[in-house]
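Subject: Model for you to look at

Hello,

The sequence and structure are below. What I found in them follows.

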Amino acid sequence: MLPKLFFGYFAAVITVLSILVVTRRNPVHSVMWMLLLFFNLASMYLFLDAEFIAAIQVIVYAGAILVLFLFVVLLLNLREELKANRFIGSWPAGLIVAAAIMVSMIFAINSFVPGPMGRYSIDYIQKETYTKVLGEVLYTEYLFPFEIASLILLIAIIGAIVLAKKRMRS
Amino acid sequence: MVPLQWYLMLSAAVFTIGVFGFITRRNIIIMFMSIELMLNAVNISLVSFSHYLQDLRGQILVFFIITVAAAEAAIGLAIIIALFRNKTTAHVDDMNEMKG
């Protein structure tokens, strides 16, 4: 009963917060609701026994990515933004497309059959400690994707600097 | 015990809200935040799969998704800054130079 109660709380809060994020007129309010959404997501990950992912969610998403968004929102002309239309003219078409995607996903979820169980049970993870097990999988089985991820971050750094810097006048 | 389907339904709901925001909002920054919302919806389903199937690979995938999201946010916001430098608007329907 208690887990279902917790899940009900998280589901309600996360759904309401995501609706608030996409419908607010003021982008600063949207970013703030998204901050709250990320903290709720992090606590739901704790509820699913994923402590490391919860910490990463708070540090990287709430701490780094959202601050980047806030800096770019500062460039906006907020006074003009508050008067302009929020949605494109044909927004009911977008609503219909989103509802169709939702219905097809509900059908897909209802016909879902889970695959075989893995070997990382809760008892095993508790015995070996969580971060150690996660690091073992990451640095042995997924070592090559890990290196590719570092390359992606390097390209992102270089690309962001090249795109955002001012052109030199020659 | 909460059934796995509930988590997948929550993930589908958040993903759908993200799709709606991406299609219908005019402000390019909110469109970007809708993309982040969709990535988070995928993260919810991966973490719940990882918990219910007792396999850590789902959480490793979440790790990579967060990396890609960070790279995507950095590059996308740099593109937005370059856009602001040329046109002082954040509305995607005002950007029609390419006549698309």
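The domain bounds used here come from an automatic or database domain assignment. On that basis chain A is divided into domain 1, residues 1-85, and domain 2, residues 120-170. The centres of these two domains of chain A, taken over C-alpha atoms, are separated by 22 Å. Please keep in mind that this is a predicted model.

Contact between the chains

On the side of chain B, 62 residues are in contact with 66 residues of chain A. The elements of chain B that each give two or more residues to this side are α1, α2 (28-52) and α3 (57-86). The largest share comes from α3(B), with 22 residues. Sorted by class, the side of chain B that touches chain A has 42 nonpolar, 14 polar and 6 charged residues.

The pair of α1 helices

From α1(A), the contact is made by A:Phe7, A:Ala11, A:Ile14, A:Thr15, A:Ser18, A:Ile19 and A:Val22. From α1(B), B:Trp6, B:Leu10, B:Ala13, B:Val14, B:Ile17, B:Phe20 and B:Gly21 take part. By class, the residues of this contact are 11 nonpolar and 3 polar, with no charged residue.

Helix α1 of chain B runs over residues 4-24, which is 21 residues. From its first C-alpha to its last, α1(B) reaches 31 Å, close to the 30 Å expected at 1.5 Å a residue. Of the 21 residues of α1(B), 15 are buried, so this helix is largely enclosed by the rest of the structure.

B:Met9 is found in helix α1 of chain B. B:Met9 counts as partly exposed because it has 18 C-beta neighbours inside 10 Å, whereas a buried residue needs 20 or more. B:Met9 and B:Ile65 are 56 residues apart along the chain, and their C-alpha atoms are separated by 20 Å.

Helix α7 of chain A, residues 130-141, has 12 residues. The reach of α7(A) from first C-alpha to last is 16 Å, close to the 16 Å expected at 1.5 Å a residue. How many of the 12 residues of α7(A) are buried? The count is 1, and α7(A) is hardly covered.

Regards

How values were computed
Residues numbered from 1 in each chain as written. Chains lettered and ligands numbered in written order. Predicted model: local features only at pLDDT ≥ 70, side-chain atom pairs only at ≥ 80, totals over all residues. Helix = DSSP H or I, 4+ residues; strand = E, 2+ residues; numbered from the N terminus. Expected span 1.5 Å × (residues − 1). Contact = placed C-beta atoms within 7 Å. Nonpolar A, V, L, I, M, F, W, Y, C, P; charged D, E, K, R; others polar.
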